There are 2 protein chains.
Amino acid sequence: MSTPPSERARVKRYNHIADYDPATIHAILDAMPLCHVGYVFNGSPFVTPTLQWRDGDCIFWHGSAASRMLESAECQDVCVTVSIYDGLVMARSAYNYNINHRSVMIFGKPEKLSDEEKAVQLRNMVNKTIPGQWERLRPVKPQELKATTVLSMKITEASAKLRSGQPDDDEDADFPVWTGVIPVRHEIGAPIPNPKNVPGVEFPEDGHKFKIG
Amino acid sequence: MSTPPSERARVKRYNHIADYDPATIHAILDAMPLCHVGYVFNGSPFVTPTLQWRDGDCIFWHGSAASRMLESAECQDVCVTVSIYDGLVMARSAYNYNINHRSVMIFGKPEKLSDEEKAVQLRNMVNKTIPGQWERLRPVKPQELKATTVLSMKITEASAKLRSGQPDDDEDADFPVWTGVIPVRHEIGAPIPNPKNVPGVEFPEDGHKFKIG
């Protein structure tokens, strides 16, 4: 990540707001598991929403071994985008209408994990959401690992884009309309137990660490 | 929208969870302005986050007339995906790990709007977020309209995918681990006024109607 951004990552973003700092990129990826995987199938673009997780300088996503998305993406160019809506920016003009946001785009060719690597990364997927949850679950079965494809991609060609704060429209400063920001955040609700739970099981203490955004 | 879903829309989704009902598709689009536009540039996929809005059976998005994304997307195949994270589904096994979600994918070839259509749709963009806000803003200038490209795309090839409710893992019903759902929703915070506001301007009553998700 110490190398300069590649041409493909660079052309993607307006330079004045792009950020190539790994810490910034990692923080956005860690904040939002929902991602959008773009790939080309029969010459046309497809954008599939799925869950990503990060381990070091790689991201991972998974799905059914029968998934066309995963088959189409393996070893082909993909673009994975993660974005977060942080607030509505109410400016004095429609021209300066905006939202506060954080986003990351990553370009690369994903690779399929081996069975051993899969078990490690599926554990990561679960435990990065709720620490220790993998160890509490019914253990994974060999046929489940076989039926699951996990793709990994290095975070080498990547850029972040962020906007925060008040509108930037000083040219209209005298126009008498309210301006400001309406913040948006992801609220985590109280856990809803499954009515089919085995009697006596309790919500894990670490479950309260779950957050998004 | 009364025609059967096209092959391209249909192959995209597992049939047992896909939904082609316009009302379902429209409700998801209206709930989440943040969208992900996938297009092909020099043979590689790009996924750009931007804001979409709907008017009837069309969606719209906009950007700088100098935007490579908008130039690349015009009259070319694109895929626009909108997705909402509604909750973490805690199952008894990693294999049944899931999220509750709503998503829409739309396929098509977007078209550029004329200047007259642009003004109508930019007003829609603003007023669908906060009713009447366009009329309160500093009026749009001809050079701003010129500098803005608005693309439109018919919602003809589209599908929705939804999951809600408890985990579906009766095969492990006896395994003694807590299962259930942790709901996630978008919370709208209190408006933060711009310190540079003209004294005396007030937050519009309709601003309280702003919501996401």
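The exercises below concern a predicted model.

**Exercise 1. Confidence**

Task: State the mean pLDDT of chain A, and find where in chain A the pLDDT is below 50.

Solution: 
- Step 1. The mean pLDDT of chain A is 91, and 92% of its residues reach 70 or more.
- Step 2. The pLDDT is below 50 over residues 11-16 of chain A. In the model, this stretch has 20 contacts beyond near neighbours in sequence.
- Step 3. For the complex, the predictor gives an ipTM of 0.91 and a pTM of 0.92.

**Exercise 2. The nonpolar core**

Task: Determine how many residues the largest nonpolar core has, and list the contacts of B:Tyr85.

Solution: 
- Step 1. The largest nonpolar core has 111 residues.
- Step 2. Among the residues with the most contacts inside this core are A:Trp61, B:Trp61 and B:Tyr85.
- Step 3. When residues up to four places away in sequence are not counted, B:Tyr85 touches A:Pro33, A:Leu34, A:Leu51, A:Phe210 and A:Ile212 in chain A, and B:Ile99, B:Asn100 and B:Val184 in chain B.
- Step 4. As a general background, nonpolar side chains in soluble globular proteins tend to be buried together.

**Exercise 3. The largest cavity**

Task: Describe the volume and the lining of the largest cavity.

Solution: 
- Step 1. The model has 3 cavities of 30 Å³ or more, and the largest cavity holds about 160 Å³ of space.
- Step 2. This cavity is lined by 14 residues, of which A:Met32, A:Leu34, A:Ser83, B:Leu34 and B:Ser83 are the closest to its centre.
- Step 3. Strands S2 (34-41) and S5 (78-90) of chain A, together with strands S2 (34-41) and S5 (78-90) of chain B, each give two or more residues to the lining.
- Step 4. By type, the lining residues comprise 8 nonpolar, 6 polar and no charged.

**Exercise 4. Buried or exposed?**

Task: Classify A:Asp172, A:Asn42 and B:Asn42 as buried or exposed.

Solution: 
- Step 1. A:Asp172 is found in the loop between strand S9 (157-163) and strand S10 (180-188) of chain A. Its relative accessible area is 8%, which is under 20%, so A:Asp172 is buried.
- Step 2. Not counting residues up to four places away in sequence, A:Asp172 touches A:Arg92, A:Ser93, A:Asn96 and B:Arg138.
- Step 3. A:Asn42 is in the loop between S2 and strand S3 (44-55) of chain A. At 71% relative accessibility, which is over 50%, A:Asn42 counts as exposed.
- Step 4. B:Asn42 is in the loop between S2 and strand S3 (44-55) of chain B, and with a relative accessible area of 73% B:Asn42 is exposed.
- Step 5. Although A:Asn42 is not a glycine, it has a positive phi of about 50°. For B:Asn42, also a residue other than glycine, phi is positive and near 50°.

Notes
Residues are numbered from 1 along each chain as its sequence is written. Chains are lettered from A and ligands numbered from 1 in the order in which they are written. This is a predicted model: local features need pLDDT of at least 70, side-chain atom pairs count only at pLDDT 80 or more; totals for chains, interfaces and linings use all residues. Side-chain values use heavy atoms; hydrogens and water are left out. A nonpolar core is a set of buried Ala, Val, Leu, Ile, Met, Phe, Trp, Tyr and Cys residues joined through side-chain atoms within 4.5 Å. Buried means under 20% relative accessible area, exposed over 50%, partly exposed in between (1.4 Å probe, protein chains only). Contact means heavy atoms within 4.5 Å. On a 1 Å grid over the protein atoms alone, a cavity is a set of points where a 1.4 Å probe fits but cannot get out, and a pocket is an open set with protein on both sides within 12 Å along at least five of seven lines; lining residues have an atom within 4 Å of a point. Grid points are joined across faces, edges and corners, and a volume is the space filled by probe spheres set on the points. Helices (H or I, at least four residues) and strands (E, at least two) are DSSP runs, numbered from the N terminus. Ala, Val, Leu, Ile, Met, Phe, Trp, Tyr, Cys and Pro count as nonpolar, Asp, Glu, Lys and Arg as charged, and the others, Gly among them, as polar. pLDDT is the predictor's confidence in each residue, from 0 to 100.
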